[in-house]
Amino acid sequence: MKTIDYYNQYADQFLQATLYVDMESLYQPFLAEVPDSARILDLGCGSGRDSLAFKNKGYQVDAIDYSEVLVERATQLTGVPVKQQSFYELDMHDVYDGVWACASLLHCARNSLPDVLKRIHAALRRGGVCYMSFKYGTADRVKGGRAFTDLNEEQAQELLDRLNGVRVLKQWITVDQRPDRQEKWLNVLWKKHA
C-alpha cells in the first residue's frame, strides 16, 4: 500500500485521531513570527484542523493535501477551497508569510527533502517562516502502510544549511499529544532572511 492509498482509505479514522488534538502550544511560536494579516500555506493539511484554527484567528489560509479524500474532508471542515496537490509540485514564489508543514514532510522521501525545502523557501516572502515537524529519529521506514522519513537535529540542520539565507529560530522536541502515543517529535521553526 502506498502512503496516499492509506490516507484515502483511512481518512475518517485519521480525522478522528487528529482533529481534536490541542495544537495551541505549537501554533504560538509560529504565529508570533508572522504579521496579523499573514497569508499562511498549510502544506499537507490532512483533516484541515490547523487551517481552521488559523482561519478562525483571522489569517488568510491556503491549504493543500495530496489525498483526494482528505481534500474533500478538509474543504468541508474549513470552508477553505483545499487544493489537491503534492508538496513535490509546490511552485509559488514570494507569496506566503508562513508555511505550516505539520507532520506532512515526514512522508517526503529523504532524497527529495532538499528540493521540497527549496520549494518552500521560494514560496516564502522575505522574512517569512516555516514550521515543520518530523517523528524524531534517523530512520527511513514503513509502518502500517505509510512511509516515514524520521529526522534528528543534525539532519534538520544539514538540510537547512543547503538553503541560502535561512536561520533556525527554534528547534525543540515534543511528545505526541494523542493519548495513546508516546512518540517523540522534532519541531523546527526557521526563517527566510529579510
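**Reading cores and contacts in a predicted model**

The side chain of Arg 49 reaches the backbone oxygen of Thr 18 at 2.8 Å.

User: What does the side chain of Arg 49 reach at 2.8 Å?

Analyst: This is a predicted model, where local features need pLDDT of at least 70, side-chain atom pairs count only at pLDDT 80 or more, and totals for chains, interfaces and linings use all residues. Residues are numbered from 1 along each chain as its sequence is written, and side-chain values use heavy atoms, with hydrogens and water left out. The side chain of Arg 49 reaches the backbone oxygen of Thr 18.

User: Is Arg 49 buried or exposed?

Analyst: Buried means under 20% relative accessible area, exposed over 50%, and partly exposed in between, with a 1.4 Å probe and protein chains only. Arg 49 has 15%, so it is buried.

User: Which residues does Arg 49 touch?

Analyst: Contact means heavy atoms within 4.5 Å. Leaving out residues up to four places away in sequence, Arg 49 touches Thr 18, Leu 19, Val 21, Met 23, Tyr 27, Leu 77 and Cys 102.

User: How many residues are in the largest nonpolar core?

Analyst: A nonpolar core is a set of buried Ala, Val, Leu, Ile, Met, Phe, Trp, Tyr and Cys residues joined through side-chain atoms within 4.5 Å. The largest one here has 32 residues, and Ile 120 and Trp 190 are among those with the most contacts inside it. Helix 6 gives the largest share of this core, five residues; helices (H or I, at least four residues) are DSSP runs numbered from the N terminus.

User: Which residues does Ile 120 touch?

Analyst: Not counting residues up to four places away in sequence, Ile 120 touches Leu 43, Leu 90, Val 99, Leu 105, Cys 130 and Trp 190. A second, separate core of 19 residues includes Tyr 27.

Definitions and conventions. Helix = DSSP H or I, 4+ residues; strand = E, 2+ residues; numbered from the N terminus. Polar contact = N/O pair within 3.5 Å; in protein donor to acceptor, adjacent residues only side chain to side chain.
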